[in-house]
Amino acid sequence: MSGYDRHITIFSDQGRLYQVEYAFKAITAANITSIGLRGKNCAVVLSQKKVADKLIDPSSVTHIFRLSPSVGCVMTGSIADARAYVDRARGEAAEFRYKYGYEMPCDVLAKRLANINQVYTQRAYMRPLGVAITLVSVDSENGPQLYKCDPAGYYAGYKATSAGPKQQEALNHMEKKLKNKDYAEGSWEEVVELGITALSSVLSVDFKKHELEIGITGGPRTDGKEGTDPNFRALTEEEIDERLQAISEKD
C-alpha cells in the first residue's frame, strides 16, 4: 500500500481511503451482529448482548439507545465510539427540537449524522468513528422509518438491514423473508419474532432472554391507552422472554 493508509485524507492510486475501510473493519471487530426491521406500523432493532465479565453489571451494557422521544437506534462496533456518537446525535435532535418546535424526523437525523461522518473522512484532525448506526422511528407523516449510516457518510432507508460480522448472511436471510414486500407483515410481536429468528439462524444460536436486546417504536402502549406507542423504548427481559417462548411454541 506504500503508506497510503498513514493519512486519512489521501486517496490511494486505486481511489480508496484505507483509513475509512479500517473503520468498517472496526465494526466487525466488536463481534456483535445487529438487525433492523420495518413493520407495517412499527420499527424494531435487535442486537446481541454480550457481557464480557461476570463482575460487570449487565444493566450497564447496552447497544440500544434512545436519541429523542420518538427516535431510537442500535449502535454496532466500538462501544466507546458509539457512546460519544450517541451524545452527538442526542445534541443534534435536541437542538432541532429547540429551533423548530417539533421532534427531529428520523430521516433528517440520519442525513445530519451521515454529513458529520463524511466530514470526518476529509479532515485530518478527527478519525472516523468505528460504528454503524441503525435508526428507527414511527413518523407521523411517513409511518415506520428505518435508516442506517456508516463511517464513510453513506446513509439510506431500508425495509430491513443488518450490521456486524454476520451482516451479509442476515441480509440474505431477510431478503428471502421479505421478497416483494415493502415491510415485514404482521403485528409488532411477529416483527420482533422475525428479527429474533433471523438473528438466531444466521448466528446458529438459541438465545436466552439476557443475550438479546430489542428496541421498538410503534409497540404496545405502556400507559394503558389504546393503539400503538409512537415513542421508542427497549423491551424488558420479561417481554423478550415472552417472544422467545412464542417462537419455541411455533417450532
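Student: What makes Gly72 and Phe232 count as residues that Phe65 touches?

Tutor: Contact means heavy atoms within 4.5 Å. Not counting residues up to four places away in sequence, Phe65 touches Gly72, Cys73, Met75, Ile79, Arg83, Val86, Arg90 and Phe232. This is a predicted model, in which local features need pLDDT of at least 70 and side-chain atom pairs count only at pLDDT 80 or more, while totals for chains, interfaces and linings use all residues. Residues are numbered from 1 along each chain as its sequence is written, and side-chain values use heavy atoms, with hydrogens and water left out.

Student: Why is Phe65 called buried?

Tutor: Buried means under 20% relative accessible area, exposed means over 50%, and partly exposed lies in between (1.4 Å probe, protein chains only). Phe65 has 10% relative accessibility, so Phe65 counts as buried. Its place is in strand S3 (residues 64-66). Strands (E, at least two residues) and helices (H or I, at least four) are DSSP runs, numbered from the N terminus.

Student: Which residues does Thr62 contact, leaving aside its neighbours within four places in sequence?

Tutor: Thr62 is in contact with Ile79 and Glu213 on that count. Thr62 is found in the loop between strand S2 (43-48) and S3. Its C-alpha lies 9.3 Å from that of Val51, and the two residues are 11 apart in sequence.

Student: Is Ile32 buried or exposed, and how do you know that?

Tutor: Ile32 has 5% relative accessibility and therefore counts as buried. Ile32 is found in the loop between helix H1 (18-29) and strand S1 (34-38). Leaving aside neighbours within four places in sequence, the contacts of Ile32 are Ser47, Gln48, Lys50, His63, Thr76, Ala163, Gly164 and Pro165. Ile32 and Met75 are 9.7 Å apart, C-alpha to C-alpha, and 43 residues apart in sequence.

Student: What makes the phi of Asn31 worth a remark?

Tutor: Most residues other than glycine have a negative phi. Asn31 is a residue other than glycine, yet its phi is positive, near 60°. Asn31 is placed in the loop between H1 and S1. At 42% relative accessibility, Asn31 counts as partly exposed.

Student: Where is Ser204 found, and what is its phi?

Tutor: Ser204 is found in the loop between H5 and strand S9 (212-220). Its phi is near 55°, a positive value in a residue other than glycine. Ser204 has 67% relative accessibility and so counts as exposed.

Student: Why is the pair Arg243 and Glu193 called a salt bridge?

Tutor: A salt bridge is a side-chain nitrogen of Lys or Arg within 4 Å of a carboxyl oxygen of Asp or Glu. The closest N and O atoms of Arg243 and Glu193 are 2.8 Å apart, so the pair is a salt bridge. Because Arg243 lies in helix H6 (residues 237-250) and Glu193 in helix H5 (residues 188-203), the pair ties together parts that are 50 residues apart in sequence. Arg243 is buried, and Glu193 is buried as well.

Student: How do you know that Glu185 and Lys181 also meet in a salt bridge?

Tutor: Their N to O distance is 3.9 Å, so the pair falls within the limit for a salt bridge. Lys181 is partly exposed, with a relative accessible area of 29%.

Student: Which residue forms a salt bridge with Arg233?

Tutor: Arg233 pairs with Glu239, the closest N and O atoms being 2.8 Å apart. Both Arg233 and Glu239 are buried. Elsewhere, Arg88, Glu92 and Arg112 are linked in a network of salt bridges. The structure holds 12 salt bridges.

Student: What makes the radius of gyration agree with a compact globule?

Tutor: The radius is taken over C-alpha atoms, and the globule rule is 2.2 Å times the number of residues to the power 0.38. With 251 residues, a compact globule would have a radius of gyration near 18 Å, and the chain has 18 Å, which agrees. Of the 251 residues, 47% count as buried. The chain has six helices and 10 strands.
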